[in-house]
Amino acid sequence: MPNYQVVNEVKANFDDVYQSPTPHAYFSTMNELEYAIGQEARPYFLSAVALMRRQLGHQIPVRMLDLGCSYGVGSALVKYGFSFSEIADFFARDPDSNSHQCIKDTREWLAENEPDNPISCIGADSSEEAIHFGTESGLLDEGMARDLESDPRLAPEECALIQKCNLLISTGAIGYVGERTLNPILQQLGKNRHRPHGPYIVVTILRMFSPELITKTFAAHGFKFLQVPEVHLRQRRFHNETEEEETIKAVQKRGLETDILEADGYHHADLFVGAPESDHPDLMQAMVETWKKLQQ
Ligand SMILES: C[S@@+](CC[C@H](N)C(=O)[O-])C[C@H]1O[C@@H](n2cnc3c(N)ncnc32)[C@H](O)[C@@H]1O
């Protein structure tokens, strides 16, 4: 089974837009490619938050860790309730503003918009620029700029940050990150105090990447981790023909058909949920019900 780094070579490289001091290039590039995965996954994240609220009550806060959060995308979608195109439109208003001005404008934008969901959002990403923007602008409550693939050792303050989180989400990041990143994170996730339910995990994985590589990492940390049946989410348009051909080959190499999904010219991802064994059925049921509602 090829590792994620090898398969990831197939995808176009966006390092420059991930590491810019402002989110302008990220959102304009992703918007051009009709990047949709965050928006597509949002109803499932909201459903997990709602389940946690029902189970934990309002005394225990939901603290969401967004792995590969970029400039705070998961928080903008889930906490603030913006759509991906609303976020892209906001950052397209003044595409030349410098970091200082863009942070100020974003703070004002957030101040005008009460969060839809009063949760805490903690972002983790290898891009120092993105985490700096996310925390300074207020999109993220707290952040951690680390590439755990290169060095998986966590500092004590990073452990404490992850320990406070009881929901792990991720879109568009598995593949860049795998077992080396998940191992230290799962070792700490939700460990600051015992809660009657969770922690929960809701992540999307492109169909070109084999989930088996990380399923065993989840199992090693006591999490049952399974694909949600029927759910296939559009990620983004292929960057060029080479990316399309190579992606289709990688998906077919996994034994999956590409005639319906990838043949439409887009990357597609599957949805996976993880939880302690006793909590997993409720989380899975919430996801299945969300999928059914979206079909109506
Ligand atoms: C396609 S973007 C996804 C961003 C966001 N989750 C979304 O869906 O809009 C991938 C993100 O993964 C981050 N990334 C790449 N390698 C990483 C690593 N080793 N550790 C953490 N984040 C990484 C990039 O900086 C980038 O922000």
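**Conventions.** I number residues from 1 along each chain as its sequence is written. The model is predicted, and I note that local features need pLDDT of at least 70, that side-chain atom pairs count only at pLDDT 80 or more, and that totals for chains, interfaces and linings use all residues.

**Ligand shell.** I looked up the 19 residues around the ligand and found that Tyr18, Gly68, Ser70, Gly172 and Tyr176 come nearest; a residue is near if its C-beta atom, placed from the backbone, lies within 6 Å of the molecule. By class I noted eight nonpolar, eight polar and three charged residues. Here Ala, Val, Leu, Ile, Met, Phe, Trp, Tyr, Cys and Pro count as nonpolar, Asp, Glu, Lys and Arg as charged, and the others, Gly among them, as polar.

**Helix α7.** I take helices (H or I, at least four residues) and strands (E, at least two) as DSSP runs, numbered from the N terminus. Which residues of α7 are buried? I found Cys102, Ile103, Thr106 and Trp109. They lie on the same side of α7 because they cover an arc of only 125° around the axis, the arc being that of the directions from the helix axis to the C-beta atoms. On the other side of α7, I recorded His100, Gln101, Glu108, Ala111 and Glu112 as exposed. Buried means that 20 or more other C-beta atoms lie within 10 Å of the residue's own, exposed that 12 or fewer do, and partly exposed in between, with C-beta atoms placed from the backbone.

**Strands.** I checked strand β4 (residues 167-170) and found both faces covered, with Leu167 and Ile169 buried on one side and Leu168 and Ser170 buried on the other. β4 pairs with β1 in the parallel sense over three bridges, and Leu168 is the bridge partner of Leu65. With β5, β4 pairs in the parallel sense over four bridges, and Leu167 stands opposite Tyr200. Pairing requires at least two bridges found by DSSP between the strands.

**Backbone angles.** Most residues other than glycine have a negative phi, and most peptide bonds are trans. I noted a positive phi near 55° for Ser70, which lies in the loop between β1 (63-67) and α5 (73-78). Ser70 is buried, with 27 other C-beta atoms within 10 Å. Glu34 also has a positive phi, of about 55°, and counts as partly exposed with 14 C-beta neighbours inside 10 Å. Finally, I found the peptide bond from Gly198 to Pro199 to be cis, with omega near -5°.
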